[in-house]
Amino acid sequence: MFHGEILKASVDSVGISMDTMWRETRSVLIVPVFKCVVAMCLVISLLIFMESVYMNLVVLYVKLFNRKPEKVYKWEAMQEDMELGHQNYPMVLVQIPMYNEREVFELSIGAACRLTWPSDRLIVQVLDDSTDPAIMELVSMECAKWASKGINIKYERRDNRNGYKAGALKHGMRHSYVKQCNYLAIFDADFQPEPDYLQRAIPFLIHNPEVALVQARWRFVNANTCLMTRIQEMSLNYHFMAEQQSGSTRHAFFGFNGTAGVWRMAAMEEAGGWKDRTTVEDMDLAVKSELPSQFKAFRFQQHRWSCGPANLFRKMMMEIIHNKRVKIWKKFYVIYSFFFLRKILVHFFSFFFYCVVLPTSVFLPEVKIPNWSTIYGPSIITLFSAIATPRSFYLVGFWVLFENVMAMHRTKGTLIGLFEGGRVNEWVVTEKLGDTLNTKLLRRNGRLLKRVNLKEMMMGIYILCCACYDFAFGNAFLYLYLFMQATAFLISGIGFVGT
């Protein structure tokens, strides 16, 4: 009995000492560190909020004062000269890079060949990097078919895929017939320009010598395919409405989207032409394109879209700083606003704050996170984003949750790009389905293990545990958000997203 009491006292003593040690560690180390992390997130949140408000004020100015491109820049419709005939039309080169595009090559080549432009002033260049012999033969036959109809179409191949898409575009510029062209239009294989696209875009370049690029907005042929494509439409519409339009209106830097744009050849040559050092190339016009409707394809695309700009920022930052031809305020805009804030910080913040810091805060109730950073600020930013796609306003809740899930992949891609990790130059072509979704039902892979995405599952389980803890012991209603966010991660984790 005596020995039992000694053992019990010893156990109690160890328990008390461990509890004391944990409380001291918590108060001296964990809580102060977490407070610093929260403070850092609040500063970033404020910067992102201010940037969003500023961009949308610029957009509001454009709408209120009707500052359409036709009003800001000189634009006159193309007119055929009675004496010169088609000679007053500039020579235009249309590049279509593609890689094993079985489902969409006919649509893209056909759309380019149907552009309303004199056939003797237009060259369509199909840059085929396909590795499937059957697809190579099909693309070659399609080009031959349009050539027989009088279209000046060139089918070009190379013996390697160095530089991926940018490498193909660069290789295409080496041909002698390119030298006679004044302007260059680029369309990815899943883009289908309207016939009057060149008629609407080229006059901006002809009548405004200081303009180097006309970037078209994107419209999506498969936006209604599933919830995932509707959410993508919301994000990309906001990109064109706020980010691109505000940059263009302020005559500041804005990025070429890699497709659906027309370049002045002289400006491209002066800038040094295509660079294949990263996996990213980079108004009222709109070009039809296809959104990835499969979650795996969307993840690869988002990795490329976040990794490429971050890697480009790493490689070009000092070059931008030392460039004497660029004004200081434009340097600041490019480095801080365009690259650092929008391409790097926002991805890290969206994932780290909403999916790590907020869930973890339920275990540290002494650390207070103000409502403006979790409710008011994000609600205003979300409202701005939803305005770009009014028809999907009722989906805004799903959009927020899914964007937080994808922020995890964008953060990973950004870090790989910044620190040049192993997948920094990885290029996985986004799978296009073309008319497949309209003609047959796609089968899901039946094996559950092949559909499971481990990272999403782990995050979903962690946030679910935080939600349960807050429901049981918390005195706020954070668990309502945490349960929904955990559900979004888990649904993505088991592959029930997209088609």
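Predicted model: local features only at pLDDT ≥ 70, side-chain atom pairs only at ≥ 80, totals over all residues.
1. A quick term first: a residue is called buried under 20% relative accessible area, exposed over 50%, and partly exposed in between, using a 1.4 Å probe and protein chains only.

2. Residues are numbered from 1 along each chain as its sequence is written, and side-chain values use heavy atoms, with hydrogens and water left out.

3. On to the cysteines. How many disulfides (pairs of cysteine sulfur atoms within 2.5 Å) turn up in a search of the whole structure? The count is zero. For C468, the nearest cysteine sulfur belongs to C465 and lies 6.5 Å away.

4. Now the strands and helices, which are DSSP runs numbered from the N terminus (helices are H or I, at least four residues; strands are E, at least two). Strand β2, residues 122–128, runs parallel to strand β3, residues 153–156, and four bridges join the pair; pairing takes at least two DSSP bridges. Between β2 and β3 the chain passes through helix α4 (residues 133–147), making a right-handed β-α-β crossover. Right-handed here means that, with the strands pointing away from the viewer, the path from the first strand over the helix to the second runs clockwise.

5. Last, have a look at L415 in helix α12, residues 396–419. L415 is partly exposed, at 42% relative accessible area. Its C-alpha atom is 8.9 Å from that of N311, although L415 and N311 are 104 residues apart along the chain.

Technical notes:
Disulfide = S-S within 2.5 Å.
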